[in-house]
2 protein chains.
Amino acid sequence: MLYSPVDLSQKQALVFEQWTPKIVAQMNDTHFKVVKIQGAFVWHSHPETDEAFLVLDGAMRIAFRDGHVELRAGQMFVVPRGVEHKPYAEHECALLLVEPAGTVNTGDAAAGPTAPSDAWI
Amino acid sequence: MLYSPVDLSQKQALVFEQWTPKIVAQMNDTHFKVVKIQGAFVWHSHPETDEAFLVLDGAMRIAFRDGHVELRAGQMFVVPRGVEHKPYAEHECALLLVEPAGTVNTGDAAAGPTAPSDAWI
(Lines give C-alpha, C1' and ligand atoms only; values in the text may rest on other atoms or scores of the structure.)
Protein backbone atom coordinates (compact mmCIF):
# COMPACT_ATOMS: atom_id res chain seq x y z
CA MET A 1 0.00 0.00 0.00
CA LEU A 2 1.26 3.44 -0.91
CA TYR A 3 0.50 5.91 1.88
CA SER A 4 0.09 9.60 1.11
CA PRO A 5 2.23 12.28 2.71
CA VAL A 6 0.80 15.55 3.98
CA ASP A 7 2.05 18.08 1.44
CA LEU A 8 2.29 21.47 3.13
CA SER A 9 2.31 23.42 -0.15
CA GLN A 10 -0.83 21.64 -1.29
CA LYS A 11 -2.46 22.35 2.06
CA GLN A 12 -1.52 26.03 1.85
CA ALA A 13 -3.26 26.20 -1.52
CA LEU A 14 -6.48 25.06 0.15
CA VAL A 15 -6.47 27.84 2.74
CA PHE A 16 -8.33 30.87 1.41
CA GLU A 17 -9.23 32.74 4.56
CA GLN A 18 -6.61 34.47 6.69
CA TRP A 19 -6.31 33.90 10.45
CA THR A 20 -8.25 30.61 10.30
CA PRO A 21 -5.91 27.75 11.24
CA LYS A 22 -6.69 24.42 9.56
CA ILE A 23 -5.49 21.12 10.99
CA VAL A 24 -3.39 19.07 8.58
CA ALA A 25 -1.94 16.40 10.88
CA GLN A 26 -2.13 15.08 14.42
CA MET A 27 0.62 13.54 16.59
CA ASN A 28 -0.96 12.18 19.80
CA ASP A 29 -2.91 15.17 21.15
CA THR A 30 -0.87 17.71 19.21
CA HIS A 31 -2.25 19.38 16.10
CA PHE A 32 -0.30 20.70 13.13
CA LYS A 33 -2.23 23.59 11.59
CA VAL A 34 -1.63 25.61 8.44
CA VAL A 35 -2.67 29.23 8.69
CA LYS A 36 -2.22 32.30 6.50
CA ILE A 37 -1.90 35.65 8.19
CA GLN A 38 -1.65 39.27 7.10
CA GLY A 39 -1.84 42.45 9.12
CA ALA A 40 -1.99 42.51 12.91
CA PHE A 41 -3.74 40.04 15.19
CA VAL A 42 -5.06 40.77 18.69
CA TRP A 43 -2.89 40.67 21.79
CA HIS A 44 -3.53 37.39 23.58
CA SER A 45 -1.89 34.59 25.50
CA HIS A 46 -2.52 30.90 26.03
CA PRO A 47 -2.43 30.36 29.79
CA GLU A 48 -2.46 26.56 29.42
CA THR A 49 0.05 25.92 26.67
CA ASP A 50 3.12 26.86 24.69
CA GLU A 51 2.55 27.50 20.98
CA ALA A 52 5.03 26.74 18.20
CA PHE A 53 5.17 28.87 15.04
CA LEU A 54 7.07 27.62 11.96
CA VAL A 55 7.06 29.90 8.91
CA LEU A 56 6.41 28.06 5.63
CA ASP A 57 6.29 31.05 3.27
CA GLY A 58 6.90 34.73 3.75
CA ALA A 59 7.86 36.54 6.92
CA MET A 60 6.18 37.63 10.13
CA ARG A 61 6.80 39.24 13.47
CA ILE A 62 5.56 38.22 16.88
CA ALA A 63 5.39 41.17 19.25
CA PHE A 64 5.75 40.66 22.99
CA ARG A 65 5.24 43.21 25.72
CA ASP A 66 9.04 43.40 26.12
CA GLY A 67 10.22 42.94 22.54
CA HIS A 68 9.63 40.89 19.43
CA VAL A 69 10.93 38.13 17.19
CA GLU A 70 11.21 38.24 13.39
CA LEU A 71 10.57 35.00 11.55
CA ARG A 72 10.96 34.07 7.89
CA ALA A 73 10.47 30.81 5.99
CA GLY A 74 12.42 27.99 7.63
CA GLN A 75 12.48 29.63 11.04
CA MET A 76 10.45 28.75 14.11
CA PHE A 77 9.72 30.09 17.56
CA VAL A 78 7.90 28.73 20.58
CA VAL A 79 5.82 31.25 22.52
CA PRO A 80 5.77 30.11 26.16
CA ARG A 81 2.47 29.58 27.89
CA GLY A 82 1.05 32.70 29.44
CA VAL A 83 3.20 35.10 27.42
CA GLU A 84 1.18 37.83 25.73
CA HIS A 85 1.89 38.02 22.01
CA LYS A 86 0.60 39.73 18.91
CA PRO A 87 1.39 38.18 15.51
CA TYR A 88 1.88 40.54 12.57
CA ALA A 89 2.72 40.15 8.89
CA GLU A 90 3.09 42.96 6.39
CA HIS A 91 2.49 40.63 3.44
CA GLU A 92 0.59 37.35 3.53
CA CYS A 93 2.59 34.75 5.40
CA ALA A 94 1.91 31.00 5.68
CA LEU A 95 2.66 29.26 8.96
CA LEU A 96 2.60 25.84 10.49
CA LEU A 97 1.32 26.05 14.07
CA VAL A 98 2.07 23.15 16.40
CA GLU A 99 -0.02 23.15 19.56
CA PRO A 100 -2.33 20.97 21.61
CA ALA A 101 -5.65 19.96 20.07
CA GLY A 102 -8.31 22.45 21.06
CA THR A 103 -6.03 25.49 21.29
CA VAL A 104 -8.03 28.55 20.26
CA ASN A 105 -6.29 31.14 18.06
CA THR A 106 -7.31 34.12 20.17
CA GLY A 107 -6.39 32.45 23.47
CA ASP A 108 -7.55 34.51 26.42
CA ALA A 109 -8.40 37.64 24.42
CA ALA A 110 -11.75 39.12 25.43
CA ALA A 111 -12.56 39.86 21.81
CA GLY A 112 -11.09 39.05 18.45
CA PRO A 113 -11.45 36.96 15.32
CA THR A 114 -11.80 33.58 17.03
CA ALA A 115 -11.68 30.72 14.53
CA PRO A 116 -12.84 27.12 15.04
CA SER A 117 -10.06 25.02 16.57
CA ASP A 118 -11.22 21.73 15.04
CA ALA A 119 -11.29 22.36 11.28
CA TRP A 120 -9.27 19.97 9.12
CA ILE A 121 -8.24 20.35 5.50
CA MET B 1 14.37 42.96 23.37
CA LEU B 2 14.97 41.18 20.09
CA TYR B 3 14.33 37.45 20.49
CA SER B 4 16.08 34.96 18.23
CA PRO B 5 14.21 32.53 16.02
CA VAL B 6 15.23 28.90 15.66
CA ASP B 7 16.66 28.76 12.14
CA LEU B 8 16.26 25.23 10.82
CA SER B 9 18.90 25.66 8.09
CA GLN B 10 21.42 26.86 10.65
CA LYS B 11 20.56 23.95 12.92
CA GLN B 12 20.99 21.49 10.04
CA ALA B 13 24.49 22.87 9.47
CA LEU B 14 25.37 21.93 13.05
CA VAL B 15 24.39 18.28 12.63
CA PHE B 16 27.35 16.24 11.45
CA GLU B 17 26.42 12.73 12.46
CA GLN B 18 23.61 10.84 10.75
CA TRP B 19 20.79 9.15 12.69
CA THR B 20 21.42 11.26 15.80
CA PRO B 21 18.41 13.54 16.40
CA LYS B 22 19.19 16.87 18.04
CA ILE B 23 16.57 18.89 19.88
CA VAL B 24 16.11 22.42 18.54
CA ALA B 25 12.89 23.50 20.26
CA GLN B 26 10.36 22.40 22.86
CA MET B 27 6.59 23.02 23.00
CA ASN B 28 5.24 21.79 26.35
CA ASP B 29 6.52 18.18 26.53
CA THR B 30 7.00 17.90 22.78
CA HIS B 31 10.46 18.08 21.22
CA PHE B 32 11.36 19.30 17.74
CA LYS B 33 14.48 17.47 16.59
CA VAL B 34 16.65 17.93 13.50
CA VAL B 35 18.15 14.71 12.18
CA LYS B 36 20.06 13.76 9.04
CA ILE B 37 19.59 10.27 7.68
CA GLN B 38 21.06 8.20 4.87
CA GLY B 39 20.70 4.51 4.13
CA ALA B 40 18.34 2.21 5.98
CA PHE B 41 17.45 2.33 9.67
CA VAL B 42 16.29 -0.62 11.78
CA TRP B 43 12.68 -1.80 11.91
CA HIS B 44 11.12 -0.49 15.09
CA SER B 45 7.96 0.97 16.59
CA HIS B 46 7.12 3.35 19.40
CA PRO B 47 4.44 1.58 21.47
CA GLU B 48 3.73 4.72 23.52
CA THR B 49 3.60 7.47 20.94
CA ASP B 50 2.95 8.70 17.43
CA GLU B 51 5.96 10.23 15.67
CA ALA B 52 5.82 13.09 13.14
CA PHE B 53 8.34 13.34 10.30
CA LEU B 54 8.68 16.59 8.31
CA VAL B 55 11.29 16.62 5.53
CA LEU B 56 13.42 19.77 5.45
CA ASP B 57 15.82 18.83 2.65
CA GLY B 58 16.02 15.86 0.33
CA ALA B 59 13.74 12.87 0.17
CA MET B 60 13.10 9.72 2.17
CA ARG B 61 10.89 6.68 2.40
CA ILE B 62 9.28 5.16 5.45
CA ALA B 63 8.60 1.46 4.97
CA PHE B 64 5.76 -0.25 6.83
CA ARG B 65 4.98 -3.95 6.98
CA ASP B 66 2.09 -3.32 4.57
CA GLY B 67 3.48 -0.58 2.35
CA HIS B 68 5.39 2.67 2.45
CA VAL B 69 5.23 6.45 2.14
CA GLU B 70 7.55 8.64 0.07
CA LEU B 71 8.38 12.07 1.50
CA ARG B 72 10.26 15.01 0.04
CA ALA B 73 11.01 18.51 1.35
CA GLY B 74 7.83 20.22 2.52
CA GLN B 75 5.97 16.97 3.15
CA MET B 76 5.18 15.33 6.47
CA PHE B 77 3.78 12.09 7.80
CA VAL B 78 2.74 10.91 11.24
CA VAL B 79 3.59 7.29 12.06
CA PRO B 80 0.95 6.04 14.49
CA ARG B 81 2.02 4.56 17.81
CA GLY B 82 2.82 0.89 17.65
CA VAL B 83 3.24 0.78 13.87
CA GLU B 84 6.48 -0.85 12.78
CA HIS B 85 8.45 1.35 10.43
CA LYS B 86 11.86 1.54 8.79
CA PRO B 87 13.11 4.91 7.54
CA TYR B 88 15.30 4.93 4.43
CA ALA B 89 17.01 7.61 2.36
CA GLU B 90 19.12 7.00 -0.75
CA HIS B 91 20.88 10.36 -0.37
CA GLU B 92 21.34 12.34 2.83
CA CYS B 93 18.00 13.78 3.94
CA ALA B 94 17.34 16.31 6.70
CA LEU B 95 14.21 15.93 8.81
CA LEU B 96 12.36 17.65 11.58
CA LEU B 97 10.98 15.07 14.01
CA VAL B 98 8.17 16.14 16.33
CA GLU B 99 7.59 13.74 19.20
CA PRO B 100 7.31 13.60 22.99
CA ALA B 101 10.43 14.42 24.99
CA GLY B 102 12.30 11.24 25.76
CA THR B 103 11.32 9.36 22.61
CA VAL B 104 14.22 7.08 21.62
CA ASN B 105 15.07 6.84 17.92
CA THR B 106 15.19 3.04 17.86
CA GLY B 107 11.94 2.63 19.81
CA ASP B 108 11.36 -0.98 20.77
CA ALA B 109 14.10 -2.45 18.55
CA ALA B 110 16.18 -5.03 20.37
CA ALA B 111 19.34 -3.70 18.73
CA GLY B 112 20.29 -0.73 16.61
CA PRO B 113 22.05 2.63 16.58
CA THR B 114 20.30 4.12 19.60
CA ALA B 115 21.11 7.83 20.01
CA PRO B 116 20.66 10.00 23.12
CA SER B 117 17.15 11.44 23.25
CA ASP B 118 18.13 14.56 25.21
CA ALA B 119 20.80 16.25 23.07
CA TRP B 120 20.17 19.88 22.12
CA ILE B 121 21.90 21.97 19.50
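This is a predicted model: local features need pLDDT of at least 70, side-chain atom pairs count only at pLDDT 80 or more; totals for chains, interfaces and linings use all residues.
1. On the side of chain B that touches chain A, strand 7 (residues 67–72) of chain B gives the most, with six residues. By class, that side of chain B has 20 nonpolar, 10 polar and eight charged residues.

2. On extent, chain B brings 38 residues to the contact and chain A brings 38 residues. About 2,900 Å² is buried between chain B and chain A, with 60% of it on carbon and sulfur atoms.

3. Two salt bridges are found across the interface of chain B and chain A. One of them links D7(B) with R72(A), with 3.6 Å between the closest N and O atoms.

4. Strand 8 (residues 75–79) of chain A and strand 2 (residues 6–7) of chain B run antiparallel and are joined by two bridges. Within strand 2 of chain B, V6(B) has M76(A) standing opposite.

5. Now the backbone. Most residues other than glycine have a negative phi. N28(A), however, has a positive phi near 55°; N28(A) sits in the loop between strand 3 (22–27) and strand 4 (30–40) of chain A. N28(A) counts as buried because its relative accessibility is 18%, under the 20% cut-off.

6. W19(B) also has a positive phi, near 65°. Its place is the loop between helix 1 (8–13) and strand 3 (22–27) of chain B. With a relative accessible area of 14%, W19(B) is buried.

How values were computed: Residues are numbered from 1 along each chain as its sequence is written. Chains are lettered from A and ligands numbered from 1 in the order in which they are written. Side-chain values use heavy atoms; hydrogens and water are left out. Contact means heavy atoms within 4.5 Å. Buried area is the accessible area (1.4 Å probe) that two parts lose on being put together, summed over both. A salt bridge is a side-chain nitrogen of Lys or Arg within 4 Å of a carboxyl oxygen of Asp or Glu. Helices (H or I, at least four residues) and strands (E, at least two) are DSSP runs, numbered from the N terminus. Ala, Val, Leu, Ile, Met, Phe, Trp, Tyr, Cys and Pro count as nonpolar, Asp, Glu, Lys and Arg as charged, and the others, Gly among them, as polar. Two strands pair if DSSP finds at least two bridges between them. Buried means under 20% relative accessible area, exposed over 50%, partly exposed in between (1.4 Å probe, protein chains only).
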